Amino acid sequence: MNDYIFNARIARPVLAVEVNQSSKVETLTASQRAMQDEMLRAAAAGDTSMVARLIGECPAIMAGRDARDLSALHLAAANGHPDTIRKLLELGMDLQESDNAGPDNREPLHYAAENGQTQTVSALLEMGAETDARDSMGISPLDLACENGHLAIVKRLLQERIDIVDCDVFGVHSINFAARNQAPEMIEALLAANANPNVVSDNDWTPIHQAALRGHDQTIRALVAGGADPNGKKVKAACVLGKSTIRRLSPISLAITGDHFNAVFALIESGADLTTPTRFKKTIRERLKKTIRGIINNAQRGQSLVSRIKSDSPAVAGFSGIRAVLHNAGTEDVQAIADKTAIREVRSLDLIDGQQFRNYFGKFHHEHPLFKRAMTPLCYSVLTERCDIIGALMKSKQYQHAEIDHLRELAESYSLFQSMAAIDYYSCFLPPEKLQVLSGRTIRSTIVKNRGNTELSTSISQLPLPPLLLEYIKVQCQIPIIRQIAARR
């Protein structure tokens with residue numbers, strides 16, 4: 001068999017059928033160790049009769065573990081074999097014994113929840129599994145089900161009235177894990193169980209930050225409907241020990257830098273603040289940290305660190321910080337390594353390709369003065385020529401016409417032709433109140449003062465007015481000559 005079970009949080013592989021290299025039972029003979037390995041394989045495969053026969057022949061092998069320190073109960077739970085679990089319990093294993101905990105103190109329920117084994121989760125709960133069990137990192141079965149998008153398991157666990165106020169050792173709650181998925185129903189289920197939509201995790205992000213980072217627009221809408229602040233500011237920070245301040249990194253900036261149009265649109269609809277300047281270079285750095293963490297963590301899945309990272313990015317092995325991780329996998333702090341990695345190092349090591357880097361900075365170098373200061377989301381979108389997002393932002397009613405003119409001049413000065421075309425195109429979609437300013441202070445006032453001037457009226461009728469402005473004049477303005485001009489178009 002080649003079944004693998006992956007632990008997403010600690011990012012280490014668990015080979016369900018890997019033979020045992022070291023047993024906690026040191027008195028077994030060679031033949032008994034072979035029987036023990038065969039019993040573990042049978043438990044992983046759900047071969048209940050084989051498990052019962054082998055344990056009947058040698059009860060001592062029931063305490064055996066595989067090379068990753070997983071017992072027969074863990075393997076049966078991870079692979080979804082409730083009948084095998086029942087037989088193991090009948091033969092004398094106990095779900096509640098501390099000696100039965102797996103790596104990082106995880107229990108069988110953790111593995112069943114993480115791997116989407118809904119029936120096995122229900123069976124374990126009926127057998128008396130501890131619903132609020134937490135591993136050495138404070139992660140619960142509910143956290144794992146949320147992180148991996150298993151809605152049915154989340155709903156089943158919530159039926160047990162789990163305390164969802166608790167968090168792991170990093171301050172991450174179940175709703176923070178859930179927000180990493182496009183999972184509006186899961187969010188709604190957690191909110192119905194009194195989860196806090198504005199709770200902050202260890203990296204100072206709320207659930208809406210997590211959703212914006214990954215572009216999950218439906219999750220964003222579900223969070224906002226449940227009371228989440230679309231700006232990620234109305235946070236509950238008490239859960240993070242030692243935190244006196246919260247970094248104000250806006251969800252809209254994460255969505256824009258990731259080019260997640262649907263998420264941007266969802267945040268705009270939710271009333272996110274689009275005019276407050278944001279340090280987008282800091283936002284980009286946060287995204288790049290995620291890239292580094294992902295590469296390092298992925299390197300710990302099934303291959304040696306060196307071979308996996310070299311295959312992902314050959315130049316990575318030359319970077320001293322990540323090289324330290326290669327040689328000290330068990331002791332190095334991945335978070336610290338990622339935090340110390342500068343943008344220029346990420347670029348030079350090809351951790352992201354050139355196109356991704358251009359998406360972040362457009363035609364500019366990352367040390368360009370424009371990116372050293374804060375800017376509005378619209379300004380950043382213009383500089384990086386994100387035309388669809390420019391349109392969505394300009395339609396939001398939050399920008400003044402003077403700022404649009406300034407950005408048009410900025411785009412022209414740097415020859416950002418796509419942005420110039422987008423600004424010109426979407427200018428006609430300025431909301432009616434802005435159009436009233438344009439029409440009321442120019443056309444209408446002029447005609448009122450010169451009603452008898454036929455030449456002036458003719459000149460006005462030839463103006464290249466935007467279609468939406470003409471429609472507004474036609475519907476809203478009561479001055480006959482203006483209505484006639486609009487009608488002639």
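A residue is called buried here when its relative accessible area is under 20%. By this criterion, in the predicted model examined here, Gly354, Phe357, Tyr360 and Phe361 are buried within helix 20, which spans residues 354–361. These four residues lie on the same side of helix 20, because the arc that they cover around the axis is only 115°. Just after helix 20 comes Gly362, whose phi is positive, at about 60°.

Positive phi values also occur in residues other than glycine, namely Asn194 and Ser415, although most residues of this kind have a negative phi. Asn194, with a phi of about 75°, is situated in the loop that runs between helix 10 (184–192) and helix 11 (207–214), and it counts as exposed because its relative accessibility is 67%. Ser415, for which phi is near 55°, belongs to the loop between helix 23 (401–413) and helix 24 (417–426); with a relative accessible area of 32%, Ser415 is partly exposed.

On the surface, a patch of negative charge is formed where Glu130, Asp132, Asp163 and Asp166 gather.

Technical notes. Residues are numbered from 1 along each chain as its sequence is written. This is a predicted model: local features need pLDDT of at least 70, side-chain atom pairs count only at pLDDT 80 or more; totals for chains, interfaces and linings use all residues. Side-chain values use heavy atoms; hydrogens and water are left out. Buried means under 20% relative accessible area, exposed over 50%, partly exposed in between (1.4 Å probe, protein chains only). Helices (H or I, at least four residues) and strands (E, at least two) are DSSP runs, numbered from the N terminus. The arc is that of the directions from the helix axis to the C-beta atoms. Patches are made of residues with over 30% relative accessible area and no salt bridge: like charges are joined within 9 Å, nonpolar side chains (Val, Leu, Ile, Met, Phe, Trp, Tyr) within 5 Å. Accessible areas come from the Shrake-Rupley method with a 1.4 Å probe; for residues, only the protein chains shown count as cover. A salt bridge is a side-chain nitrogen of Lys or Arg within 4 Å of a carboxyl oxygen of Asp or Glu. Lys and Arg count as positive and Asp and Glu as negative; His and the chain ends are not counted. The place of a charge is taken as NZ of Lys, CZ of Arg, CG of Asp or CD of Glu.
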